[in-house]
Amino acid sequence: MNLSPAPICLSLKGISKDYAVRVLNHVDFELRAGEIHALLGANGAGKSTLCKIIAGLTPATAGEMFCDDTVYSPSDKQQAEARGIQIVQQELNLIPTLSIAENLFLTQLPLRFGVIARKQLREQARNVLLRFGMDDLDVDRETGSLGIGQQQMIEIATSLNRECKVLILDEPTAALSGKESEQLFEWLAELRQQGAGIIYVSHRLDEIKRIANRTTILRDGCHVGTFAVDDLSTDEMVSLMTGEERETKPAIKKKHLDVNNQTENQAKQNGIALRVESLHCGPLVKNISFSVRSGECFGIAGLVGSGRTELLRAIFGADHAESGELFLNNNRGPFRFKHPHHAVRHGIAMVTEDRKKSGLLLSQSIRVNSSLCNLNAYTNAAGIINQTEERTDTTRMRQKLDLRCNDIEQNVETLSGGNQQKVVVAKWLLAGADVYLFDEPTRGIDVAAREKIHRIFTTLTNQGKGIVIISSDLDELFETCDRIGVMSAGKLVATFSREAWSTDLIMQAAFSGYIDPSEE
């Protein structure tokens, strides 16, 4: 017996959006109750803009929307939420100085005589955390003190705790560990069973194949088509997103470290680019030691909250380490940097996890951001910046990274998230360094752009640079790294060579620091 399709809970017809240029052009979209509908497209395709229009965050220039067969035209997010439409954006919208409890119920704070009823608020927050498996967190803890992944889970839980007919998730697993992603997928399965429709934006095509029913693909602001996920391979998805035929095997050749046969880096003789000795910084970096050889890509895996980001920040001088030493270029040192400026001066660069807060000047142009860490190279004795040279180098980086923009004078805040990330990478490539620290370097970046950045890693290692990469995506570490260290509960608990690593071994190590030895 053929079952009729589920009813349409959200319908968009001819949606267009104009800024300085048209970013959405007559897009149609339908979401069924009880389905996960993936929204795919390369950076700048219009995915986030379409989601913002649905969520009432920005108005459409043209077109119409219907929710449950009635006209739907929200003037703000509150009106969208009143219709049961919730959004969790790629960039978090929590207030970091407020507690977890306050963020969970920010628009629904319990009041008593006009004053927040703190006891009731805490009890409600504990119930929410218990429901979503996060009851190990203190509801009074300041949200900004959590890791990015934990904050993402709090924001998702906040949306799911409200009336939810339509849930929009924009790159929800980009900052999540494997365990947290699995937890999210369980939540989504429950939500589907309750009849909610889910719009799921992600560049992780394996996730799309696993959890989504249908996919709508956008390219350059236009609707390419809507397909059953089972009818497309991942290569076909990429081709539809880019408009190009894709090779079965990417044309990227990782140069794995070979101490007996280096061609471009004989002079280095695989010397040590970075050596970390007994570095201790706060509760999440506990006496960590490791080395990165010249021409080597060293990955760091671990669960969110294991101390990976804090380790890089301590190396870079963004956080003050209490003890430990750093050595550069075969024992130059010891150092313990108190400010990132000192690290940069000694040849260390860092691409941060949160590009908006700590990686970019959003109100400035692509040119200004790209040259920010290398201003001395463009400035004469009178302090005048040679903008011609700036433009030349920035244009070269634009082409190298396939940066999608109208012009290099365009403000960075007008770019898509993935293109903003490319500007962060361009900034450090222009500055030059001996050691590069990458914290989630391809977060929110489409498949084609990810490959370009991976090629950059290969170029840098061929030049004898040392690279440290943090990624929540083990496949990315497997593709790019020569060795992988694993952090657990603030300690570096294991290091694997390419011949010895496996997903199971790395995950066992990642959980090892959280297991009571008496329970083994």
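**Entry 1. Terms and model**

I take buried to mean under 20% relative accessible area, exposed over 50%, and partly exposed in between, with a 1.4 Å probe and protein chains only. The model I examined is predicted: local features need pLDDT of at least 70, side-chain atom pairs count only at pLDDT 80 or more, and totals for chains, interfaces and linings use all residues. Residues are numbered from 1 along each chain as its sequence is written, and side-chain values use heavy atoms, with hydrogens and water left out.

**Entry 2. The chain as a whole**

I looked up the secondary structure and found 17 helices and 22 strands in the chain. Helices (H or I, at least four residues) and strands (E, at least two) are DSSP runs, numbered from the N terminus.

I then checked the overall dimensions. The C-alpha trace spans about 70 × 60 × 55 Å along its principal axes. The radius of gyration is taken over C-alpha atoms, and the globule rule is 2.2 Å times the number of residues to the power 0.38. For 520 residues a compact globule would have a radius near 24 Å, and the chain agrees because its own value is 24 Å.

Buried residues account for 52% of the 520 in the chain. The exposed surface comes to about 23,200 Å², with carbon and sulfur atoms supplying 47% of it; accessible areas come from the Shrake-Rupley method with a 1.4 Å probe, and for residues only the protein chains shown count as cover. Among contacts (heavy atoms within 4.5 Å) with a separation of 6 or more, 65% are between residues 24 or more positions apart.

**Entry 3. Salt bridges**

I counted a salt bridge where a side-chain nitrogen of Lys or Arg is within 4 Å of a carboxyl oxygen of Asp or Glu. By this rule the count is 21.

I looked at Asp 18 and Arg 22, whose side chains meet in a salt bridge at 2.6 Å, N to O. Asp 18 is partly exposed at a relative accessible area of 30%, and Arg 22 is partly exposed at 39%.

Lys 77 and Glu 81 form another salt bridge, with the closest N and O atoms 3.9 Å apart. The two are separated by about one helical turn because they are 4 residues apart in helix 2 (residues 77–82). Lys 77 is partly exposed at 23%, whereas Glu 81 is buried at 15%.

The closest N and O atoms of Lys 465 and Asp 434 are also 3.9 Å apart in a salt bridge. This pair links distant parts of the chain, 31 residues apart: Lys 465 is in the loop between helix 15 (447–462) and strand 20 (466–470), and Asp 434 is in the loop between helix 14 and strand 19 (435–439). Lys 465 is buried at 18%, and Asp 434 is partly exposed at 27%. Elsewhere, I noted one network in which Arg 367, Glu 390, Arg 391 and Glu 409 are joined by salt bridges that share partners.

**Entry 4. Lys 422 and Asp 402**

Lys 422 sits in helix 14 (residues 417–431). A polar atom of its side chain lies 3.4 Å from the backbone oxygen of Leu 401. Leaving aside neighbours within four places in sequence, the contacts of Lys 422 are Leu 401, Asp 402, Leu 403 and Ala 449.

Asp 402 itself lies in the loop between helix 13 (387–400) and helix 14. Asp 402 is partly exposed at 27% and has a positive phi of about 55° although it is not a glycine.

**Entry 5. Backbone geometry**

Most residues other than glycine have a negative phi, and most peptide bonds are trans. Glu 440 is in the loop between strand 19 and helix 15 and is buried at 4%.

A cis peptide bond joins Gly 333 and Pro 334, with omega about 5°; Pro 334 is in strand 17 (residues 332–335).

**Entry 6. Helix 1**

Helix 1 (residues 47–54) is largely enclosed by the rest of the structure, because 6 of its 8 residues are buried. These are Lys 47, Thr 49, Leu 50, Cys 51, Ile 53 and Ile 54. Gly 56 follows helix 1, with a positive phi near 80°.

Notes:
A polar contact is a pair of N or O atoms within 3.5 Å; within protein, one must be able to donate a hydrogen and the other to accept it, and residues adjacent in sequence count only if both atoms are side-chain atoms.
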